[in-house]
Amino acid sequence: MSQRVNTQRREPRSRRSEPLTGRASADAGRGLNQDNAPGSFHPGIVHLALAMGGFAIGIAEFATMSLLPFFAHDLHISEPQAGHAISAYALGVVVGAPVIAVLSARMARRTLLIALMGFFALMNGLSGLAPDYHTMLVLRFLAGLPHGAYFGIAMLVAASLVPIDKRTAAVGRVLLGLTIATTIGVPLANGVGQAIGWRWAFAIVAGLALLTAILVLIFAPRDVADSKASPLRELSALGRKHVWLTLGIGAIGFGGLFSVYTYLASTMLAVTHTSPALVPVTLCVFGAGLTAGNIIVPRFADRALMATAGGLLLWSAATLALYPLAAANFWTLSADVFLIGLGGALATVLQTRLMDVAGEAQSLAAALNHSAFNVANALGPWLGGMAVAAGYGWTSTGLVGAGLALAGFAVWAIAAALAAREGV
């Protein structure tokens, strides 16, 4: 197989004659049925179908945060207690991503994507019907289980449809669903939730998830399970140091973004002294930065993957360090928040890196990326909150974030040095 990969990289073929280019793309597309192989539908259409799942997941994850006061009131619990529902979802992502990837090793990827979105739709629909706090807590945990596995598998399918020098762009298109959700979907869901009830926001998510399952059923390439796949083969990813280093870069370096984002509204009200009505505007600006990053950055990453990852970490460190200086004015704050959002493309870049270093354990490595970013989602707010509680002020979250980005860069430097030495 390695000989074939080398040949393809030297003499790339057309997509029609050789749709799967490179080790990761070949693995991602293994077992495709020729009746619906890549090329039956334009890759852009398939990417759009997969991105719809990211849109649904993005609304479910972020709109729940914005609707927290409303379901806290209806379920007769405090807002801090309601926040446990958000933590339960994140825990579901961390647990579900590797477990599902390992247990579903012998499932066809198209079938798995449909099943994951069906389950996601069911759990979010039931969340909208939750009668009490404990039921809500369980349902949010269950709703989080498909999150990482869906993204991981969807990105492998997306990468299988394009040549190797377009993989990061394909992965970025799937993540565009999530970033557009933070820009458009979350404010709309929040508006619906406030106008006619928070339960309807979960109904919208359930409907979008079902739509995704239908689109994947229609457009995604048919494939058959890999006869050589097994849970043990997927678990082999855990024995690869480059997999762990890549996950470490994301788990630490991405925490800085979450450190600022979590306390952005509080910073705007207490430091910038803006109207509460402007908070959603700045959150949309952040989402626009994420979206722009996932459109622009892959063009560089597909030429120099590791260099782009290192550059993004330094970019994040610089923009996060500027945050305390920018926070006093709404316009400078919004500009800096947009620039911080651009650094979110690190998730896309690291996803492609995992395809290169995971060997035969592509599904588990791809899913673990989202577990790592949920670790960052916990680490950044925790450290940022400690700085605020210690009396350093809301803007100290930017300096905490810059420190995390630099710590991630240190892990990247180790990974890059080993990669250069070992030719990985």
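A contact here means heavy atoms within 4.5 Å. The model is predicted.

**His 370 and its neighbours**

His 370 sits in helix α18, which covers residues 362-392. Leaving aside residues up to four places away in sequence, His 370 touches Val 93, Gly 148, Phe 151, Gly 152, Met 155 and Gln 351. Is His 370 buried or exposed? His 370 has a relative accessible area of 8%, so it counts as buried, the cut-off being under 20%.

**Val 95 and a surface patch**

Helix α5 spans residues 79-103 and holds Val 95. The relative accessible area of Val 95 is 35%, so this residue is partly exposed. Which residues make the nonpolar surface patch of about 370 Å²? Val 95 is one of them, together with Leu 91, Val 99 and Leu 103.

The two residues compare as follows.

**The chain as a whole**

The protein chain has 19 helices and zero strands. It contains 424 residues, and 59% of them count as buried.

The accessible surface of the chain is about 16,900 Å². Carbon and sulfur atoms account for 69% of that surface.

Note on methods: Residues numbered from 1 in each chain as written. Predicted model: local features only at pLDDT ≥ 70, side-chain atom pairs only at ≥ 80, totals over all residues. Heavy atoms only, no water. Helix = DSSP H or I, 4+ residues; strand = E, 2+ residues; numbered from the N terminus. Buried < 20%, exposed > 50% of the residue type's maximum accessible area, 1.4 Å probe, protein only. Areas by Shrake-Rupley, 256 points an atom, 1.4 Å probe, with all protein chains shown as cover. Patch = residues over 30% accessible without salt bridge, like charges linked within 9 Å, V, L, I, M, F, W, Y side chains within 5 Å. Salt bridge = Lys/Arg side-chain N within 4 Å of Asp/Glu carboxyl O.
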